[in-house]
4 protein chains.
Amino acid sequence: MYKVDLNCDMGESFGLYELGNDEEMMQYITSANIACGFHAGDPHVIRKTVELAKKYDVGIGAHPGFPDLLGFGRRYMTCTPSEIKDYVMYQVGALREFCSAANVSIQHCKPHGALFMKAAEDKALARAILETLHEMDPQMIIFALNQSELLEEAIKMGVPVAKEVYSDREHTESGSIVLTRRGTVISDYEAMAQRVVRMVKEEKVITHDGKDASIKAETICIHGDTPGASILAKKIVEALKESGIEIVPIKKMIF
Amino acid sequence: MYKVDLNCDMGESFGLYELGNDEEMMQYITSANIACGFHAGDPHVIRKTVELAKKYDVGIGAHPGFPDLLGFGRRYMTCTPSEIKDYVMYQVGALREFCSAANVSIQHCKPHGALFMKAAEDKALARAILETLHEMDPQMIIFALNQSELLEEAIKMGVPVAKEVYSDREHTESGSIVLTRRGTVISDYEAMAQRVVRMVKEEKVITHDGKDASIKAETICIHGDTPGASILAKKIVEALKESGIEIVPIKKMIF
Amino acid sequence: MYKVDLNCDMGESFGLYELGNDEEMMQYITSANIACGFHAGDPHVIRKTVELAKKYDVGIGAHPGFPDLLGFGRRYMTCTPSEIKDYVMYQVGALREFCSAANVSIQHCKPHGALFMKAAEDKALARAILETLHEMDPQMIIFALNQSELLEEAIKMGVPVAKEVYSDREHTESGSIVLTRRGTVISDYEAMAQRVVRMVKEEKVITHDGKDASIKAETICIHGDTPGASILAKKIVEALKESGIEIVPIKKMIF
Amino acid sequence: MYKVDLNCDMGESFGLYELGNDEEMMQYITSANIACGFHAGDPHVIRKTVELAKKYDVGIGAHPGFPDLLGFGRRYMTCTPSEIKDYVMYQVGALREFCSAANVSIQHCKPHGALFMKAAEDKALARAILETLHEMDPQMIIFALNQSELLEEAIKMGVPVAKEVYSDREHTESGSIVLTRRGTVISDYEAMAQRVVRMVKEEKVITHDGKDASIKAETICIHGDTPGASILAKKIVEALKESGIEIVPIKKMIF
C-alpha cells in the first residue's frame, strides 16, 4: 500500500506577531516543522506549538534557520560549517527541552528557507547539518529534496532521510523547487492535490517548464502561511485517501 | 571538615566580542555558570565553554538571563512568570544539548544579573524559575542568596539549593549584595580571601555598612570580568586550603 | 470652533510579519505615530509608512520604544535616563532620515508602550525624553497623558505638548488609561465615538470605575491593531464632524 | 604636495563589550568610520564616538553594515538592493542625528565588512548604496577600493569618491585586499609604513603574490582592533611626514 507523510512549517509567530493557522493545519498533517527562534518562533510560541502537535498526535520536527529574524531566514548568509553546526545544535536543543517537558520526542529535522536551499547544493553545509543531527540523535530523520547534496550525504552517512516534495510549489527537473509562487486560485487546489497523488503513486511530476520528471515523494510539504492553506490541505488529504494512499508520520515509514 | 564550592560566570563572549578570561578562571573554580545566549554568549561560545569546563572537570551550570544583549541582562524587564518559564527552558535546553554532545550533564543553575536579583525578592518570579528547573531535572541545584525568596521557595518546593556569597561584592545584613564595586586594589585581595574564609568557617561577614551579620556560604562567586580576577581566585584558593577548607563542586556537597 | 487631532500607531510590521491596517487607517487620522525599529518596524516598513503618511497628508510622528522586539516594547526595562536619551535620539534620527528623503518633516513624538506609561509617572525618564526631543527640534510636539509627569515637565521646559486621550481604552480619574481591553463589540463603536465627542467638547469622561472626571483632549488615539479599528475610526470621524468638531493635525492646533 | 587621509573603523563596541582603542587611534587619524548599530555599535557608543571625533577634529564617516551583530557584519547576506537602500538610510540617519546634536556633519561613508567587499564586485549593490547616499547628501564622499564596481559607479553617478588602500592588509593586482591577516610582528611596522608611503608617492604596491601593481591611495585604512594598532598608526604618521606627505581629512582633498 502507498504511504506518505504530510508536513507543514509551524510555530513561526514571534512575540505579538502571528503567522500561519497552526491549529487548523495540525488537523491535516502528520509532521510539523517547528521554528526554533532564529528565523522565527520564540520560547512561548515553541511551548504552545509543541503542545499543539502533541494534542493532534503530529510528529515533531525541528526547523532551524539562519539567525535572521528580519529576513525570516530566507537570505543566505555565508556562515562557516562550524558556525552552522553550533546554530543547529542550539536551536534543536532548545526545542528538545520543550519536547521533553511535554513528554514527546523529536522525530525529524527540516532546515528552513535559505539554509535548506543551500544545503541542497553545498556539500560542506549539508554535512555540517547532518553531523550535528547525528551527534544529537542517530534516529532523527532529515527532510531533503530529491537529488540534493543533503540527500546524497545523508545516505552516505547513514542518517535516516525522507525525500520531500511540495504541494504548492513548482518543481525543477533536478528535484528542486521554484521559489516564486505562481498565481494560485481556489480552482487550482484540485489540480495540486492530483499532482501530489501522481508524485506518490507514479513518482512523476510535470516541472515548471513542462517536462515530465521523475520524483520520489516520502513527505509532502504544505505551506501554512497563505490564505486557503487549510482548504488545500483538506483537498490533499481527501485526494490521497481516495487514491488509497495512507497518510502516516514519517517515522512510521522510515523505521 | 569544611567544604565550599567556587563559582564564576563563564561564556559571556559574543561573536567577535570577548569578555572574561575563561580558561584562566577554570583552573581555580569548581562550578561554572555558562551564559546561554540571551544576555550574553552565543552557540559557538557555549560549545567552547562546555568543552573547557569538561577539560578542567568543573561542574557546569546554566546561567540564563533576560533577553537583553544590549544591557547584558542587567536591566530588569517586567516579564510575566509565564514568559520567564519559557525563557529559562529555552536557554537551559540549548545549553543542555551542548552538554549532551560533550557527554557531561548540567549540575546547577544560577540566574543572571537582573533576573537573579529580582528572583531574590519576587516570590512569583522565584517560583517560575524553580518550577521550570524542577520540570527539567529535579536534581538540578539552584544558586540563591541567603534569606532570598528564591532560597525560601526552593526549600519549600524541595528543589536542591546552594547558598551563595560573593568574594568581590559587599553584602547587606539581609544576605543580599551591593552592586556598586568598591575600589579594589591589589592589596585588597588578601582581605577578600580572609573574608571568604570567615564566611565559610564562622558563618559571619562584615556588611557594607559595618555590621557583623550571619551568612552561610555553600558556594562563593568570583567575577571573571575584572582585571586581576585570576589573582583573586588564586588567593582565595590558597586561603581556603590553608584554613583546611576543601573546595569541591556543589553537587558533592548537596548530594 | 472645537478642534481635535486623531492619531494612530503605524508602521508596526516587521520583516515578514504584518500588523495593523495602515493604509486603511491613514484615511481617517491626522497624525501617525511611526515605529522606529526598536519595539517594532524595520527600515523598509519605515520607508513605506512615511510615504503612506505623505500620500494621505497625515502628520508624521516618531514612536520610539524600548529595545524589546520580543515584548513589543510593552515591558518596562530599568534603563537609565542617559540610555533612554540615546535610544530616543537613535530611533528618531533614523526616522527623520526617511522623512527628509520623502521631503516631509517630523511633527511630533509619542513614546511607545511601556516607555510612554513609565514617562507618565517617572520625572527623570520624562525629562530624558523631553531633553532629547528639544535638542533635536524645539518645535517637535510631544504627546502626553493628562496629569502626567511627561505633561508637567514638557510645560516647564517649554516643549510643545498635546494632551492625549484614548478612544478605545478606559481612563482613570488621574488621566491615565487602563491597559486591559474591555470586550468591545461592534455595538460599542457608537458609544466610544460619543465618549470622544464629550471629551472634546465638555472635557469630561466617565472613568473605568464610573466616576465623571475632567479630561482634556487635544489628540485622540485609535489603536489600529484590532479588527474593526477602521470601523471605529470612521464612526469617530463622523461623530466629530456631526458635532461640529474640526479634525486637524496637531501642529495646526499647537502652532 | 602629496596629501593623504588616514581612516580607521571606530565605535564598534556594543553594550558591555568593548572593541578597539578609539581614543588612542583618534590622535593619529583624520577620518573615522563610525559603526551605526547593525554590525556593531549602539546608541550610547555612537554618541560617545561622535563626541570623540569632534574632540580630535577628525572627519566623521558612516560605517553601515549588514544586520548581523553575531557575525560582526562579516558574512554576506543575500539582501536585495532595495533592502540595502533602506538599511543604509536607517543607519546613516541614526548616526546623522547624533552628529547634528554635536554640531558636526557627516563627511563620508565607508560600508563595512561583507557589505564593502560585495559592493566592490556587485554593480547593483554598489548602485543601491550610492543612490541612497546621494539622496541623503550629494556631498557625502564614499570610500571605495581601486578598480571596484563601487568606484566605477560612483564616478558615473557623480558621487564624490576616495580611493582606499590598506596599511595592514595585502593587496591584489586588481586593487582588492586579501582578508587573511599575515603574521604581523612589531618589526613589520616600519615596512608597512614604507609601503604606505610608496602607494601615496609612486602609486605602486607589491601585491600578496609578489607583483608590482599600480594603485592609488587617497585614504589609508588602519584597523584599530589589533594590539599594536596605535604603534602602527604612529609609525605611518611619522613615515608620511618624513616623506613630505601631508595628512588631511578626505574632504579637504576632494573638495
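Predicted model: local features only at pLDDT ≥ 70, side-chain atom pairs only at ≥ 80, totals over all residues.
Chain A can be laid on chain B with an RMSD of 0.0 Å, by a turn of 180 degrees together with a shift of 0.0 Å along the axis. Among the residues of chain A, Ala94(A) comes closest to this rotation axis, with its C-alpha at 2.1 Å. The same surface serves both copies, since 100% of the contact residues of chain A recur in chain B. In general, two copies of a chain are related by a rotation about an axis and a shift along it.

**View 1. The residues and the area that chain A and chain B bring together.**
Chain A gives 21 residues to the contact, and chain B gives 22 residues. The area buried between chain A and chain B is about 1900 Å², and carbon and sulfur atoms give 58% of that area. Three residues, Asp86(A), Tyr90(A) and Glu97(A), supply 38% of the area that chain A buries against chain B, which is more than any other three residues supply.

**View 2. Salt bridges and helices where chain A touches chain B.**
Across the interface of chain A and chain B the rule finds 4 salt bridges. Asp86(A) forms a salt bridge with Arg47(B), and the closest N and O atoms of this pair are 2.3 Å apart. On the side of chain A that touches chain B, the elements that give two or more residues are helix 2 (43–55), helix 3 (81–101) and helix 5 (123–136) of chain A. Helix 3 of chain A gives the most to this side, with 12 residues. Sorted by class, the side of chain A that touches chain B has 12 nonpolar, 3 polar and 6 charged residues.

Chain D can be laid on chain C with an RMSD of 0.0 Å, by a turn of 180 degrees and a shift of 0.0 Å along the axis. The two copies are thus related as by a two-fold rotation axis. In chain D, the C-alpha nearest the axis belongs to Ala94(D) and lies 2.1 Å from it. The same surface serves both copies here, and 100% of the contact residues of chain D recur in chain C.

**View 3. What chain D and chain C contribute to their contact.**
The contact takes 21 residues from chain D and 21 residues from chain C. Between them, chain D and chain C bury about 1900 Å², with 57% of it on carbon and sulfur atoms. Asp86(D), Tyr90(D) and Glu97(D) supply 38% of the area that chain D buries against chain C, more than any other three residues. The rule finds 4 salt bridges across the interface of chain D and chain C, and one of the pairs joined by a salt bridge is that of Arg47(C) and Asp86(D), at 2.3 Å from N to O. Between chain D and chain C, the count of residue pairs in polar contact, both at pLDDT 80 or more, is 8. Helix 2 (43–55), helix 3 (81–101) and helix 5 (123–136) of chain D are the elements that give two or more residues to the side touching chain C, and helix 3 of chain D gives the most, with 12 residues.

**View 4. Helix 6 of chain C and the residues around its two ends.**
In helix 6 of chain C, Leu150(C), Leu151(C), Glu153(C) and Ala154(C) are buried. An α-helix has 3.6 residues a turn, so residues three or four places apart point the same way. The elements that cover the buried residues of helix 6 of chain C include helix 4 (113–119), helix 5 (123–136), strand 5 and strand 6 (161–166) of chain C. Gln147(C) is placed in the loop between strand 5 (141–145) and helix 6 (149–157) of chain C, and the phi of Gln147(C) is near 65 degrees, a positive value in a residue other than glycine. Helix 6 of chain C is followed by Gly158(C), whose phi is also positive, near 80 degrees.

**View 5. Glu203(B) in a loop of chain B.**
Glu203(B) is found in the loop between helix 7 (188–202) and strand 9 (204–206) of chain B. Although Glu203(B) is not a glycine, it has a positive phi of about 55 degrees. Glu203(B) is partly exposed, with a relative accessible area of 33%.

Note on methods: Residues numbered from 1 in each chain as written. Chains lettered and ligands numbered in written order. Heavy atoms only, no water. Least-squares fit on C-alpha atoms with pLDDT ≥ 70 in both. Contact = heavy atoms within 4.5 Å. Buried area = accessible area lost by both parts, 1.4 Å probe. Salt bridge = Lys/Arg side-chain N within 4 Å of Asp/Glu carboxyl O. Helix = DSSP H or I, 4+ residues; strand = E, 2+ residues; numbered from the N terminus. Nonpolar A, V, L, I, M, F, W, Y, C, P; charged D, E, K, R; others polar. Buried < 20%, exposed > 50% of the residue type's maximum accessible area, 1.4 Å probe, protein only. Polar contact = N/O pair within 3.5 Å; in protein donor to acceptor, adjacent residues only side chain to side chain.
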